[in-house]
Amino acid sequence: MLKNRYVALFGLFIVIIIIIILFFMSIYTLELRPFPDGELIFKQKVQPGDKFILKYTHSVALTPVWEIFIIDKDYQIVLIETEFLDHGAGLPYAAFDKEIFVEEEGRFKIKNMHRIIPTPIYYRIGAIRENIFYFKDKEINLPSLVGDRLLTLEINRNNLFNYLRRKLVNG
C-alpha cells in the first residue's frame with residue numbers, strides 16, 4: 001500500500017514537472033507575414049546566434065545588396081553586415097563608430113556592425129527588387145510568394161505548449 005502511494009506521488013511529481021516545462025519554457029520564432037493581413041508565410045524556431053540574410057536589388061544603383069542579421073542573446077534582430085557591389089545614391093559610403101568599411105571578394109562591405117533593429121521590420125517586396133530571404137538552408141524568393149507587398153519580420157515568443165500545439169495543428 002505504501003509502495004503504491006510513492007508510485008502515485010512520483011507520477012504526480014513527473015506530471016507537474018512536465019506541465020511546468022510546457023508552460024514556462026520559452027520558444028522564440030522568426031516569423032514573416034504580409035502586411036496588413038498577417039497571413040503567416042514563414043516561421044522558424046530561432047536561438048541566439050542564428051543568422052538570416054535579406055538580399056534585394058537597390059532601387060537606384062540596380063545592383064544587389066545583402067543585409068546580414070543575427071539574433072542576439074535577448075532575441076533582438078541585429079544588423080551585423082551590409083554588402084554591395086557599387087557606390088551611389090542611397091548606398092553606404094562610410095562606416096560609423098566601430099564599424100569597418102572594406103572591399104573583399106569583389107564586394108564593398110560594412111562589417112562589425114551592431115545595429116539593433118526595432119521590430120517588426122517593415123520590408124517592401126517587389127518583383128523588380130528581386131527580394132530573397134536566406135535562413136540556414138532555406139532560400140525564399142519573396143516576390144514569387146507574396147507579390148508586390150509590404151512584409152513584416154519579427155521574433156515572437158511562445159511557451160512550449162502553444163508552440164507544439166500550433167505545430168500539430170498547422171503541420
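Visitor: Which residues touch the most other members of the largest nonpolar core?

Guide: This is a predicted model, where local features need pLDDT of at least 70, side-chain atom pairs count only at pLDDT 80 or more, and totals for chains, interfaces and linings use all residues. Residues are numbered from 1 along each chain as its sequence is written, and side-chain values use heavy atoms, without hydrogens and water. A nonpolar core is a set of buried Ala, Val, Leu, Ile, Met, Phe, Trp, Tyr and Cys residues joined through side-chain atoms within 4.5 Å; buried means under 20% relative accessible area, exposed over 50%, partly exposed in between (1.4 Å probe, protein chains only). The largest such core has 29 residues, and those touching the most other members are Leu 30, Leu 32, Phe 52, Ile 77, Phe 133, Leu 142 and Leu 153.

Visitor: How many aromatic pairs does a search of the whole structure find?

Guide: Rings of Phe, Tyr and Trp (its six-membered ring) pair if their centres lie within 6.5 Å; planes under 30 degrees apart count as stacked, over 60 as edge-to-face and the rest as tilted. By that rule, the number of aromatic pairs in the whole structure is nine.

Visitor: What is the angle between the planes of Phe 52 and Phe 69?

Guide: Phe 52 and Phe 69 are both buried. Their rings form a stacked pair, 4.9 Å centre to centre, and the angle between the planes is 15°.

Visitor: Why does Phe 84 count as buried?

Guide: Phe 84 counts as buried because its relative accessibility is 0%.
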